[in-house]
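Welcome! Please take a moment with the sequence and the 3D view before reading on.

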Amino acid sequence: MFSRVIRYVVFIFCPALVGAILFQAAEAQQVKVFSVAAEKLFAKGLSAYKKGQFKKAQERFLKILDFPLNQRSSAAQLMVGKSSFQLEEFGLALSMAKQLRRKFTGSRYIPDAKLLEGDCYFSLRRYFEAAVQFSSILTTSASLPLQASAAAVSYTHLRAHETEADLVCRLLLE
């Protein structure tokens, strides 16, 4: 009788438990679909960005964020931020960079988002926060050109705007 109860528990509850675990794992992985429409809209947005048409680019990239999760979602998130930065909408740019880091934790654009955050903080005269973002890029596996950009900006620009209150920024980097 006891062995029947154990078999019942194993055959009924274990598959349910395994199913629940697999469902949670699939939900956490953010399944992406390939979207031809997102691909075309991204190309148009990138073209507008390269031509300096930042408002048009921003609008196109924002439309991609309304699509279901796709191959261009994280890149579009970054480009909304970069377009917003060029339009001097630093609050929106900062928000987009932070959202990218939260929503797309495994994205290859995380170092770019950190650089954008640093640029936004710098433009908002929040030098300490800028220094933190720039220096965090130097400790990641970001590309060498991105790290070089962060290092140059973090030291040269922050040093130029250093006050007694911001001295800690330089000390953090040295």
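Predicted model: local features only at pLDDT ≥ 70, side-chain atom pairs only at ≥ 80, totals over all residues.

Residues are numbered from 1 along each chain as its sequence is written, and side-chain values use heavy atoms, with hydrogens and water left out.

**The helix pair**

Let us begin with α6 (residues 110-123) and α7 (residues 127-138), whose axes come within 7 Å and cross at roughly 160°. The two helices are therefore roughly antiparallel (angles over 145 degrees count as such). Helices here are DSSP runs of H or I with at least four residues, numbered from the N terminus. Among the residues that meet are Leu 115 and Phe 122 in α6, and Phe 134 and Ile 137 in α7; contact means heavy atoms within 4.5 Å.

**The loops**

| Residue | Relative accessible area | Class |
|---|---|---|
| Ser 35 | 14% | buried |
| Glu 88 | 60% | exposed |
| Arg 125 | 63% | exposed |

Ser 35 sits in the loop between α1 (2-28) and α2 (36-50). Beyond its neighbours within four places in sequence, Ser 35 is in contact with Phe 67, Asn 70 and Gln 71.

Glu 88 belongs to the loop between α4 (73-86) and α5 (90-103), and its phi is positive, near 60°, though it is not a glycine. Arg 125, in the loop between α6 and α7, is also not a glycine and has a positive phi of about 65°.

How values were computed:
Buried < 20%, exposed > 50% of the residue type's maximum accessible area, 1.4 Å probe, protein only. Axes fitted to C-alpha atoms, helices over the stretch in contact; angles between N-to-C directions. Parallel < 35°, antiparallel > 145°, perpendicular 65-115°, else oblique.
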